[in-house]
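This report covers salt bridges and nonpolar cores. Please keep the sequence and the model at hand while reading.

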Amino acid sequence: MVIEFDVPVTGGRLHAYDTGGDGVPVVWHHGTPNLGAPPEPLFAAAERLGLRWVSYDRPGYGGSTPAPGRDFASAARYTAAVADHLGLGRFAVFGHSGGGPHALACAALLPERVFAAVSVSGLAPISAESLDWFAGMASGSEATLRASAAGRTALASHLAAEGETDIGFADVDWAALEGEWGWFGKVVGPAIAAGPAAQIDDDLANAGAWGFDPASITVPVLLMHGDRDRMVPSTHSAWLAGHIPGAQYRHWADEGHVSVLRHAEEALEWLARSA
């Protein structure tokens, strides 16, 4: 069972979630566009390992108040607010896709509270030196991120005009979505139905300044990626692995953006050992 509740923050509120219990807390950072409900396909593994899922809708999604102009660094403030509301001390963070950099922000900016971080299928900074940021992206993903880099007006126009595009899912991703990771329909559908405002805020952050330096992270980090990912190419996690001190990098030749989550239980086992 998941408990839903609101957390007051400066200028608004966050709609948050907690699977409850006395397990080690793991804060889930959701992708784009998603609601923030914790990942049901990983509930059984988390329970087996003594972990407890906590999460929240990023501002503008679900029941959370919009906060235009938010960057990845803001996730540290929001996560700390949820943790304080629940009386949590130390916790881990786990982000998928657009949630990856938000998880890394918590690792960088809350080192006294975050004991380990996992980023799956996540982006590197657009300013990353020696990384061809758009190389290997599917046409739809690249077009959206290029529009994001051009600013709010350009992105809003792009999303309003966007038709059927190649977002970069491989056949293994579609197969995963037909299986247990069809759970994404529960969090993507409502996020899209609510309109593009929250996605615009997310994508502007994706193509903007992070608000922290990944090289400043001192807590253990695990990066995971599928080499068939064309939404966010695995070169992004490879770059991060080379710039975050001590980071571990695991990648799979036959996995894509979503299907790589079939290995997420390994990440939870790593978090349990790190606690």
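Does Asp 171 count as buried or exposed? At 51% relative accessibility, Asp 171 counts as exposed; here exposed means over 50% relative accessible area, buried under 20%, and partly exposed in between (1.4 Å probe, protein chains only).

The model is predicted, so local features need pLDDT of at least 70 and side-chain atom pairs count only at pLDDT 80 or more, while totals for chains, interfaces and linings use all residues. Residues are numbered from 1 along each chain as its sequence is written, and side-chain values use heavy atoms, with hydrogens and water left out.

**Salt bridges**

The structure holds 14 salt bridges, each defined as a side-chain nitrogen of Lys or Arg within 4 Å of a carboxyl oxygen of Asp or Glu.

| Pair | N to O distance |
|---|---|
| Asp 18 and Arg 52 | 2.7 Å |
| Lys 186 and Glu 40 | 3.1 Å |
| Asp 171 and Arg 228 | 2.8 Å |

The salt bridge between Asp 18 and Arg 52 has an N to O distance of 2.7 Å. Asp 18 lies in strand 2 (residues 12–18) and Arg 52 in strand 4 (residues 51–56), so this pair ties together parts that are 34 residues apart in sequence. Helices (H or I, at least four residues) and strands (E, at least two) are DSSP runs, numbered from the N terminus. Both Asp 18 and Arg 52 are buried.

Lys 186 and Glu 40 also meet through their side chains in a salt bridge. This pair links distant parts of the chain, with Lys 186 in helix 7 (residues 184–193) and Glu 40 in the loop between strand 3 (24–29) and helix 1 (43–48), 146 residues apart. Lys 186 is exposed, at a relative accessible area of 51%, whereas Glu 40 is partly exposed at 39%.

Asp 171 forms a salt bridge with Arg 228. Asp 171 is in helix 6 (residues 171–178) and Arg 228 in the loop between strand 7 (221–226) and helix 9 (235–243), 57 residues apart. Arg 228 is partly exposed, at 31% relative accessibility.

A network of salt bridges links Arg 48, Glu 265 and Glu 269.

**Nonpolar cores**

A nonpolar core is a set of buried Ala, Val, Leu, Ile, Met, Phe, Trp, Tyr and Cys residues joined through side-chain atoms within 4.5 Å. The largest has 85 residues, of which Phe 94, Leu 268 and Leu 271 touch the most other members. Helix 2 (residues 74–86) gives the most to this core, with 7 residues. Apart from it lies another core of 5 residues, including Leu 155 and Ile 200.
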